[in-house]
Amino acid sequence: MNKLCKQFVRFSGGMLFMGALAITACKKTFDEPPYNSGDPAIKVTNSIADLQALYKGSPVTITSDMVFAGVVIGDDKSGNLFKQIVIQDSTAGINIQLDASNLNAKYPVGRKVFVKAKGLTLGAYGGLLELGLGVNDQNQPVRITQAMIDSFLVAGSSNNVVVPLELTIAQLNQKYQNMLVTLKDMQVIPADTSKTYADSTKVTANVNINMANCDGGAIVLRTSSYANFTNIKVPKGKGNITGIYTIFNTTNQFVIRDTADVRLMNGVRCEGGGTGTAITIADLRKMYKGADLVLPAGTTIVGTVVSSTANESTGNVRLASADNSSGILMYTLKGSPDYTLGSILTVNVGGGTLTAYQGELELKNVPIAQVTVGGNGTVTPRVADVKTVVANKSNWSSTLVTIKNVNIAQTSTSSTGTNYAITDATTGSIVAFVRDANIKISAPVTNANITGYVSVFLANGATDTTTQLGLRATSDITGGSEVVATNIVLSTSPYLIDFNNLAAGLPAGVTTKGKVTTTAMGNDTTFKSANTPWTETAFGFKNVASFLNSSLTSASDATAQAASTDRALAVRQTSAVEGVAFVFEINDTKGKSNLSMSFNLQSLDVSSTVGRTTTWNVDYAFGDNPTSFNKVTTPSDMTTANGYTGKDYTVNFGSALDNQSGKVYIRIYATATTGANSRPMSAIDNVKFSW
């Protein structure tokens, strides 16, 4: 966060434009409040607000003869600011980047400074406006070199007093950035009261202390570990604090000059005497009426963490009530704590927003400073079947459920995680989603119990939400029996079978058949798993080197073929058995449409003698023991013969195989050969199913 130096705090924040105060060509004179004597005879042409109005989202170099003035409200005397001063006039404040040390000797707090701005650069860091000389490779203003400081800054009178603006957290907005502010009725949150302002060991360059008021407003007190008050304990009481208000992107920050700025924080704290209102998570959910709602100050909830960023999008955490009757998804910010499961959080939701995000009720915009961890608890999941979970999806969102005696099968994967189908015996299926790659599920599984949090998702264009079950750990699945796959389970499109492990046997769901006809599946035929050369003429299905290995040629010998790691599934027909098939047994096609199959068909007979031709076809059937098959129109040149060739084919099934709940068989088959002489060695490789 600190671009200036890891050892020192810098102001981090942004600025919305402070009105439409345009700079006119005639150079107006800005009416400054009266100061002590000792000011140079320099005419002030503009205010700091005028300066800020020049910024339109990217650095701008000032080309006019602009002169503005302000009183120093922050210097480097305590070490909490580094190589910068902050000045303020009656309209706004600005920090000026200066490449020099001991700036307080010439520009102490109370010194009026005149700035001849022509040639300087106005830019932003983390959204906070600052003034420098040129920009770096990150498009941020660079400090004015020590040799050039006097060309732009002229010191004026001393001992000027800037009265801080007295504001509450709720009144803060970006127009007050880089201005001296007194925040009323502030206290360090309980979790931070035992801390010092920063890290005296300097392992951490800057430290954030979380502060809040009794109405739920929160802000970060940011201190450099090189400040001279680093190892002093933060105040334990409540009261007013004075400092410089800054922001970093969306985070409110506050910087004190020294501990005199907190001398009034010695009053009675809010605990037990605050004006906040505690409500249940169920009450919180009831407040949402279909439109975004900013929650009233001082409203608090208590919940137990049932899911956090380990298996959520970054910044998400789910809280359930102690009795698991209701829950809420809370979206914080990237980089927020990864609260552990079971942590009990007290959340001051004041100023946060209730909204619907992709169908899910969500609490957002709650500063981390308003979240307090207070011990650990347990939430007992409700036990329900799939149908009941779906019926109560909205009310049960972000609560825990256990569904017993389910079958679990992987259905798809994406860049964000893996989906599983959770099916119970009688009532239906829902989707379980796993984001964390460390959660290992040995699906398919039968008769298992599964626990997770309920969530809902509204897809683009959909009119109703889909119910999902989020898993947090491998232990969310108990009991059950792992199913050893004997057929093809289409999980992720495309599903590829590359045959490169044929030495260990045929892939799951792939069988080889002989005595095949157009109406009969055929007989199981022995597969030879050992590496086999293309020249072997005995009947059978074999593990051979693939034509797709570009390092092989038709002249490659048996040794070179055996060394190839790119394998193919081959068959040698004989006069006794010409009808052969490569059979693919697919478990189901539920939720899938427009299935297609592609493969590389190979001729691996290097004989120069013109021989027989085998014509191949593709068909499909349904059920466990099909007796009828449906032929698919295939390319007319789907043949193998003598020679050394390979060609890719794609077979589209259209809607014929859509959403089948039972088995689907697909065959690449041949019933006869034509011609004379030797029958070819035919093979397939890289069979791919897509949908």
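This is a predicted model: local features need pLDDT of at least 70, side-chain atom pairs count only at pLDDT 80 or more; totals for chains, interfaces and linings use all residues.

Reader: What does Lys195 meet in a salt bridge?

Author: Its partner is Asp192, with an N to O distance of 2.7 Å between the side chains. Asp192 is buried, at a relative accessible area of 3%.

Reader: How many salt bridges are there in the whole structure?

Author: The search finds 18. Another of them joins Arg257 and Asp261, at 2.8 Å from N to O. Arg257 has a relative accessible area of 19%, which is under the 20% limit, so it counts as buried. Asp261 is buried too, at 8%.

Reader: Which residue forms a salt bridge with Arg679?

Author: That is Glu578, and the closest N and O atoms are 2.8 Å apart. Arg679 lies in the loop between β46 and β47, while Glu578 lies in the loop between β37 and β38, so the pair ties together parts that are 101 residues apart in sequence.

Reader: Are Arg679 and Glu578 buried or exposed?

Author: Both Arg679 and Glu578 are buried. There is also a network of salt bridges, which links Lys528, Glu536 and Lys542.

Reader: Turning to the sheets, what is the strand order in the open sheet of six strands?

Author: The order is β34-β33-β38-β45-β41-β42, and the pairing is antiparallel. β34 (523-524) and β42 (630-632) have a single partner strand each, so one side of each is left without a neighbour in the sheet. At the β34 end, two bridges join that strand to β33 (residues 510-514). Gly514 has Asn523 in β34 as its bridge partner.

Reader: What is Phe689 in contact with, leaving aside its neighbours within four places in sequence?

Author: Its contacts include Ile488, Leu490, Pro494, Tyr495, Phe584, Met597 and Ile666.

Reader: One more topic: how many aromatic pairs does the count come to?

Author: The count is ten. In one of these pairs, the rings of Phe541 and Phe582 have centres 5.6 Å apart and planes at 80°, so the pair is edge-to-face. Phe541 lies in β36 (residues 540-545) and Phe582 in β38, so the pair ties together parts that are 41 residues apart in sequence. Phe541 is buried at 1% relative accessible area, and Phe582 is buried at 1% as well.

Reader: Which residues form one aromatic cluster?

Author: Trp534, Phe547 and Tyr644 do.

Reader: And where does the charged end of Arg667 sit?

Author: It sits over the ring of Phe629, 3.8 Å from the ring centre. The charged end of Arg382 is placed over the ring of Trp396, at 4.2 Å from its centre.

How values were computed: Residues are numbered from 1 along each chain as its sequence is written. Side-chain values use heavy atoms; hydrogens and water are left out. Two strands pair if DSSP finds at least two bridges between them. Helices (H or I, at least four residues) and strands (E, at least two) are DSSP runs, numbered from the N terminus. A salt bridge is a side-chain nitrogen of Lys or Arg within 4 Å of a carboxyl oxygen of Asp or Glu. Buried means under 20% relative accessible area, exposed over 50%, partly exposed in between (1.4 Å probe, protein chains only). Contact means heavy atoms within 4.5 Å. Rings of Phe, Tyr and Trp (its six-membered ring) pair if their centres lie within 6.5 Å; planes under 30 degrees apart count as stacked, over 60 as edge-to-face and the rest as tilted. A charge sits over a ring if NZ of Lys or CZ of Arg is within 6 Å of the ring centre and within 35 degrees of the ring normal.
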